[in-house]
Amino acid sequence: MNETPAPAPPSWQEDVFAALKKCGIQQIAYVPDAGHSHTIVEAQRDPAIHDVVLTTEEEGVGVVAGAWLGGQRAALLMQSSGVGNCVNMFSLLEMCRFPFLTLVTMRGEYAEFNPWQSPMGRTTQQALELMGITVLRADNPEDVEETVEAALDSVFEAGERVAVLLGQKLIGRKKWERN
């Protein structure tokens, strides 16, 4: 039986995981997402990282805050559609001044095929900023590593709350799978 090897992940996805490791991230909370698949798989393989599968994104805000209270660094991985699920929980970050990092793969932008993704995709940055979260964005593969590292410094050196938006062009065009 011939098994086709899995294609190599795009280098920007490798850069994301490398930056998280370099900064000492010990927990990664996520709702499964293709754009974060490399980081998720690597976190599952890495005994130094506890991966936490969520049923909904707002749980991840609590996981990241709890990790900090327990002396660990954590990051929340989600898609832009999940940002809307978190808005009420973001008040925890503001009121308690927890450092917070989320990496957000964008939908509802470049060549989006699913119209349900567009409203949140258009308002993701504004929703985060309204809740006091600094937003950084990477749309080019060569900018991802530096942007994620800058966010990690702001979060864990200055105690900030930061979201990195990973533009939909990084992930590429999505298409409906038709049978």
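Let me begin with a definition: patches are made of residues with over 30% relative accessible area and no salt bridge, with like charges joined within 9 Å and nonpolar side chains (Val, Leu, Ile, Met, Phe, Trp, Tyr) within 5 Å. Lys and Arg count as positive and Asp and Glu as negative, while His and the chain ends are not counted. A charge is placed at NZ of Lys, CZ of Arg, CG of Asp or CD of Glu. Accessible areas come from the Shrake-Rupley method with a 1.4 Å probe, and for residues only the protein chains shown count as cover.

The model is predicted: local features need pLDDT of at least 70, side-chain atom pairs count only at pLDDT 80 or more, and totals for chains, interfaces and linings use all residues. Residues are numbered from 1 along each chain as its sequence is written, and side-chain values use heavy atoms, with hydrogens and water left out.

On the surface, a patch of negative charge brings together Glu142, Asp143, Glu145, Glu146, Asp153 and Glu157. Glu142 belongs to helix H6, residues 141–158; helices (H or I, at least four residues) and strands (E, at least two) are DSSP runs, numbered from the N terminus. Glu142 counts as exposed because its relative accessibility is 61%; the classes are buried under 20%, exposed over 50% and partly exposed in between, with a 1.4 Å probe and protein chains only.

I turn to the salt bridges, each a side-chain nitrogen of Lys or Arg within 4 Å of a carboxyl oxygen of Asp or Glu. The whole structure contains six salt bridges. In one of them, Asp46 pairs with Lys21, with 2.7 Å between the closest N and O atoms. This pair links distant parts of the chain, 25 residues apart: Asp46 is in the loop between H2 and strand E2 (50–53), and Lys21 is in helix H1 (residues 11–22). Asp46 is buried at 14% relative accessible area, whereas Lys21 is partly exposed at 36%.

Within helix H2, Arg45 and Glu42 lie three residues apart, about one turn of the helix, and their side chains form a salt bridge at 2.9 Å, N to O. A network of salt bridges links Glu94, Arg97 and Arg161.

How many disulfides does the structure hold? It holds zero, a disulfide being a pair of cysteine sulfur atoms within 2.5 Å. For Cys96, the nearest cysteine sulfur is that of Cys86, 16 Å away.
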